[in-house]
Each structure stands twice: as structure tokens, then as C-alpha cells.
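Please read the numbered points beside the sequence and the model.

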There are 2 protein chains.
Amino acid sequence: MPRAGLTPEAVVDTAINILDAEGVGAVTLAAVASRVGVAAPSLYKHVRNLDALRRLIAIRIFHELADRLTEVVMGRSRDEALRELLLAYRRYAIEFPHRYAALPQAPPNDPELAAAGERVVEVIFAVLRGYRLEGEQLVHAARCVRAAAHGFASLETLGGFGRPESVDASFDTLIRILTDGLGKGTD
Amino acid sequence: MPRAGLTPEAVVDTAINILDAEGVGAVTLAAVASRVGVAAPSLYKHVRNLDALRRLIAIRIFHELADRLTEVVMGRSRDEALRELLLAYRRYAIEFPHRYAALPQAPPNDPELAAAGERVVEVIFAVLRGYRLEGEQLVHAARCVRAAAHGFASLETLGGFGRPESVDASFDTLIRILTDGLGKGTD
DNA sequence: CTAAAAAGCTAATGTCATTAGCTTTGAGGG
DNA sequence: CCCTCAAAGCTAATGACATTAGCTTTTTAG
């Protein structure tokens, strides 16, 4: 391993720094190379191409998000667990809006990326199992929770909530609606 | 108006055809120019630049979506109106996934674009006023509905729901949760 | 019939991604 | 210690695109 301490991980680190600072559009191989101090083509020694780098970034972010969700959910159950899960989800998106924006964007044909995303889903499942949900109902409920969390986070980080009313309060409303709706059995 | 019947509208039409057929990434000035039969620089006579074209596309799509929502909501109220609103929202996203994906992506610093997006929000507000919601509570409820609808549509069109369980049924669950949650007053 | 604006065009520049092929470095085996 | 070779870099070159500048051709208004 000659020269600079470049590794795929270091490349991803740098890319995420650029992502945080300048947004998804600024994550180019040229920008990463310049920041890291090598010529652009040198990056191909560590990463297949730009898409592959984006994939590595997404995997990293999914794991990071899943870790946070897992953390707040441990030792809690039902409404409390769901509430903390949703709050942590939104907190992540607000803290790292560009990372959040870099997330899905396309159906992952890739097992490792899919697995990373699946971790997030699994946390939701774990929480919902506490509501005695199982089988099909569990899947429906998880999709609803995921849709609500993602939709809110996405809209908020993209600046979609322009009015002056408290976004925190709106999110509390969302939490209330979800916990109420999941508490009762299916039709 | 010499030569070809090019107008900003025609350029947007062509761009949307490309969008539908090949996705957001394929919408380039080069592609539009080639499809329309002019040299790329000629497009600048009708559109300021690529960003401006994207903005026009987004405005068009917002209006189209708002028209559909408005249509299904007329003559209905409360749970029925909300249900049809949500169904129409999802239907649009499924019918035109690439148009849906081309939608927000950034906080609109532009009044016309903001107004077009606002039309969608206004339909939601109109429906929710039927629940006797007003003021702050109305805003919170509208944000929840929008987040849920957008999140679900976004995840579904991006292929986020991989499991075999019926997505229609999941969406029904979401509708139930929302109608139940809005029926009851605030805490 | 004519002049000026509108709509096109070609040429040129700059940014990226990506490939090909050459060079340097440093780690490990002798 | 020295040598070898693969890893890690580099430069040059190509190909998309967006965008600008400046020239030419149509139309349309008068």
C-alpha cells in the first residue's frame, strides 16, 4: 500500500464530508479527488466508478441510521418505542439532510445495499411486533410507519413546510395518529 | 415565430415525454434538442437553461397533480373525500413515476413553482376543513396527510416495498389510520 | 418590399466521468 | 540489503453535456 493512505473507506469518508457540506450534487469524483489530493483517475483504484461510490455512501448512511434507530428502541416498547423511533428518524434527517437526501433514489439491485436498508425496516418491524401485529398486518403497519416517517423527513428537509406553525408539533400529531392507529386491531 | 413550431411549452412537452420514457436522468438539453430536431444551443431561445426547464416541468406536473386531486375531491367530504384524495395521489405517482420523482428535490425559491405546489396543499386543506379542523391543528393535520401520501408514493415508486404482501392493502391501512386519526379532535 | 426581431446554427469552452497505458513506491522474499 | 512486482498514482485522451458568443436565415410587421 504505497503513497497516500487511500482506501475505499477513506474515499467514502471524504465523499460524505463533501455531501454534508455541499449537497448531493457536489459529490463528484473530481471533487473527492481534489479534496483528497490525488488526480481523479486515481480514485478508480479504490472505487469502481461514481455509481459504486454512491452505493457505498448509501450503505454507510443506512447503517448509521439503523444504528441510531436500534439504539433508541432498545429497552422500550409499544407507544414509547414507536415514538422514540420516529423522533430518532426525524432527528437524523434534520441533522444530516444531505445524507438523508442521498439515500434511496433507486431500487437497489444490490444485496449489500438492500441489506443495509433492510436493517432500518427491521427496527420498525421489531417495534411493531410489540403491538401484537404479525404476518400481513405487520407488513402493512410497517409500510405505513415507514411512509409517514420518510415522507415527513423528506418534506421537512427539502423545505416543504413553509408555514410558521411548529413542525415539532406537527410531528407530534403524526406520532399520535400512528400510535392511535396501530393500537387498535385491523378491521 | 419562424421555422419550427418551438415554444417553451413544446420544449416542456418533449422533455416530459423523455422523462416518462427514460427517467429523470435522461432529461438533458441535448436529448430534448435531438428529439425536437434542433441543435442544443437553439433551445436557449425558448428556455433559460436546464434548471429553468426543470422548473417548468415541475410546475406543469404540480398543476397536473393538483387538477386530479381537485377533481376527485369535488362533491365529497370527510372520510370519503380524504380517501379519494389519497387514492388519486397514489394513482398519479404510479401512473407517472418519473414525473413524480421529478417533483420536489429542492426548496422552491420561485413564486410560480411555489404556487403550483401550493395548489396540492390547498386541496388537502380543503378536505381537512371538513373535519372541523382549523388554524394550527389544520396545518398539523395537512402536514401529516401530505407526509403520509408523499412517503408512500415515494417509497412505492422507487421500489421500496419489496415484500409480496399487497401494497393496495397497505395503502388501505394508511387511509384507515389517517381517517381514524383525524376524526378525533386534538389532545 | 424591407428591416428588425426571432429562431437557428456552428464553433468554442469548461466540467465531469471514464479508459488506456506508463511510472513510482514500498513490502516481502531472498 | 536488494530486487521484484503489484498496488497506487499520474498524464493524456475521449465523449457527454451545458452554456456562451457571434453569425445566418426566416418571418412578420409595417
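1. A:Arg54 and A:Asp51 both belong to helix 3 (residues 50–73) of chain A, where they stand three residues apart, about one turn of the helix. Helices (H or I, at least four residues) and strands (E, at least two) are taken from DSSP runs and numbered from the N terminus. The two side chains meet in a salt bridge, 3.1 Å from N to O; the term denotes a side-chain nitrogen of Lys or Arg within 4 Å of a carboxyl oxygen of Asp or Glu. A:Asp51 is exposed, with a relative accessible area of 53%, while A:Arg54, at 41%, counts as partly exposed. Here buried means under 20% relative accessible area, exposed over 50%, and partly exposed in between (1.4 Å probe, protein chains only).

2. This is a predicted model, in which local features need pLDDT of at least 70 and side-chain atom pairs count only at pLDDT 80 or more, whereas totals for chains, interfaces and linings use all residues. Residues are numbered from 1 along each chain as its sequence is written, chains are lettered from A and ligands numbered from 1 in the order in which they are written, and side-chain values use heavy atoms, with hydrogens and water left out.

3. A network of salt bridges links A:Asp20, A:Glu64 and A:Arg99. A:Arg99 pairs with A:Asp20, the closest N and O atoms being 2.5 Å apart. A:Arg99 lies in helix 5 (residues 97–101) and A:Asp20 in helix 1 (residues 8–22) of chain A, so this pair ties together parts that are 79 residues apart in sequence. A:Arg99 also meets A:Glu64 in a salt bridge of 2.9 Å, N to O. That pair likewise links distant parts of the chain, since A:Glu64 sits in helix 3, 35 residues from A:Arg99.

4. A:Asp20, at 27%, counts as partly exposed, and A:Glu64 is partly exposed at 25%. Over all chains, a search of the whole structure finds 32 salt bridges.

5. Chain A has eight helices and zero strands. Its C-alpha atoms fill a box of roughly 60 × 40 × 30 Å along the principal axes. Of the 187 residues in chain A, 47% are buried. Among contacts in chain A with a separation of 6 or more, 66% come from residues 24 or more positions apart; contact means heavy atoms within 4.5 Å.

6. The same surface serves both copies, as 95% of the contact residues of chain B recur in chain A.

7. In the lining of the second largest pocket, helix 6 of chain B has the largest share, with eight residues. Helix 3 (50–73), helix 6 (111–129) and helix 7 (135–157) of chain B each supply at least two residues of this lining.
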